[in-house]
Amino acid sequence: MEKFSCKTTILSGAGAICALGEMKGTRLFLVTDPFFVKNGMAQRVLEAAKCSHTEIFDKVQPDPTVELAAEGTARLRDFEADLLVALGGGSAMDCAKAMAYFAKGNYKFVAIPTTSGSGSEVTDFAILTHDKVKHPLVDPALRPDTAILDSDLLMELPRSLIADSGFDVLCHALEAYVAKDAGAISDLYAREAFSSAYASLPASYAGRKEVRLKVHVAATMAGMAFTQAGLGLCHALSHSLGGMFHVPHGRLNAILMPSIVSLNANAAGKKYAELARAAGLGGSAETIAVRNLKNGLVRLRRELGLPETLAQAGVPPRNVWASAAQIVQAALADPCCAANPVPVDDFMVRRILEEVTGRV
Ligand SMILES: NC(=O)c1ccc[n+]([C@@H]2O[C@H](COP(=O)([O-])OP(=O)(O)OC[C@H]3O[C@@H](n4cnc5c(N)ncnc54)[C@H](O)[C@@H]3O)[C@@H](O)[C@H]2O)c1
Ligand SMILES: [Fe+2]
């Protein structure tokens, strides 16, 4: 049986944040990171919402901690908001989602992504870090009521962020498409998200702003797919390495994904081949199409200036091997691992680490 639900209303297009003014909020609590206060975007959101009382919690940093979410939860409870807005990338949205979950207030919750990546605006996940370990909180109650996909917020995206978060979208779509709970409906979103992001990322990276909304919508579609179907070993290991070494999440996915495709190819070859064809990478025989998919990811990674190994991402192999037992244990304990199309063990995770540290 496939179960597919989407509680979140999605509003997309240039200037979509104006919709905040129609939500009839009076007490707005905004969760964001300091960057958006500095560049004036937080102020634009406050003006669009037209609320008489406002408070900004702007302490979010990449990969938010449990402690930060607890501090924000207390502030949110005290403020008694009727409109909660998250403005930022996956980190700001995840922090706000955790705060909303624990504060249990009576508010409308709106997520406004400023990166085209995490899909957090429509997912059941919030990822918090504690003691160098990323912990995915998973509950349908975490899903925002409304997601606003405003392309005007994407015009100044730095190229490295387009690349990092773009590979997060590709990885969400790819893992969801072969995940254990994938079904016809999640497949539809995953396939479209993968082919659309794959086609548009080079142009977006090269500065063509008119394609940014396409990648943004693809990120949301990939989120809709994986929140139903699950993810896989790439995300489990990306969470584990990200908690330990604080490398951007999408960059880790880009490093790991080609190796994960090889690892899963026996079990998921047919579906990988479908994705390769949907993305225009061709291959009439299954093995050729899977090879094309892997090569296509490696090519795009290079085109977007992303590293191929952990060492190139600033993590020396000796640091990885010094913490290998902890990294493997955290990856195996991550809930994403259970959705991988082949069962994962200690040996397999070490084998991937060997590839991405350049040992093999
Ligand atoms: N909840 C989920 O479903 C889910 C899914 C995937 C990833 N995640 C989590 O999301 C986080 C990654 O999110 P992300 O990739 O969106 O990045 P992010 O939110 O961590 O932001 C990275 C940096 O980009 C900056 N930034 C964001 N938008 C910008 C813009 N428009 N212009 C300039 N700078 C901007 C931020 O200030 C920050 O310094 C990770 O912690 C990851 O674990 C969550
Ligand atoms: Fe992700």
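Which strands and which helix do the buried residues of H2 pack against?

A: This is a predicted model, in which local features need pLDDT of at least 70 and side-chain atom pairs count only at pLDDT 80 or more, while totals for chains, interfaces and linings use all residues. Residues are numbered from 1 along each chain as its sequence is written, and chains are lettered from A and ligands numbered from 1 in the order in which they are written.

The buried residues of H2 pack against strand E2 (27-31), helix H1 (34-38), strand E3 (53-57), strand E4 (83-88) and strand E5 (108-113); helices (H or I, at least four residues) and strands (E, at least two) are DSSP runs numbered from the N terminus, and two residues are in contact if their C-beta atoms, placed from the backbone, lie within 7 Å. Helix H2 covers residues 41-49, and its buried residues are Met41, Ala42, Val45, Ala48 and Ala49, where buried means that 20 or more other C-beta atoms lie within 10 Å of the residue's own, exposed that 12 or fewer do, and partly exposed is in between. Seen down the axis of H2, these residues fall within an arc of 125°, so they line one face of the helix; the arc is that of the directions from the helix axis to the C-beta atoms. An α-helix has 3.6 residues a turn, so residues three or four places apart point the same way. Just after H2, lysine 50 takes a positive phi of about 50°.

As for the setting, the domain assignment, which is automatic or from a database, gives domain 1 (9-154) and domain 2 (159-357). Their centres, taken over C-alpha atoms, are separated by 25 Å, and 26 residues of domain 1 are in contact with 28 residues of domain 2. On the side of domain 1 that touches domain 2, strands E1 (9-12), E6 (125-130), E7 (133-138) and E8 (146-149) each give two or more residues, with the largest share, 4 residues, coming from E7.

Ligand 1 is surrounded by 30 residues, the closest being Gly89, Gly90, Ser91, Thr115 and Ser120, where a residue counts as near if its C-beta atom, placed from the backbone, lies within 6 Å of the molecule.
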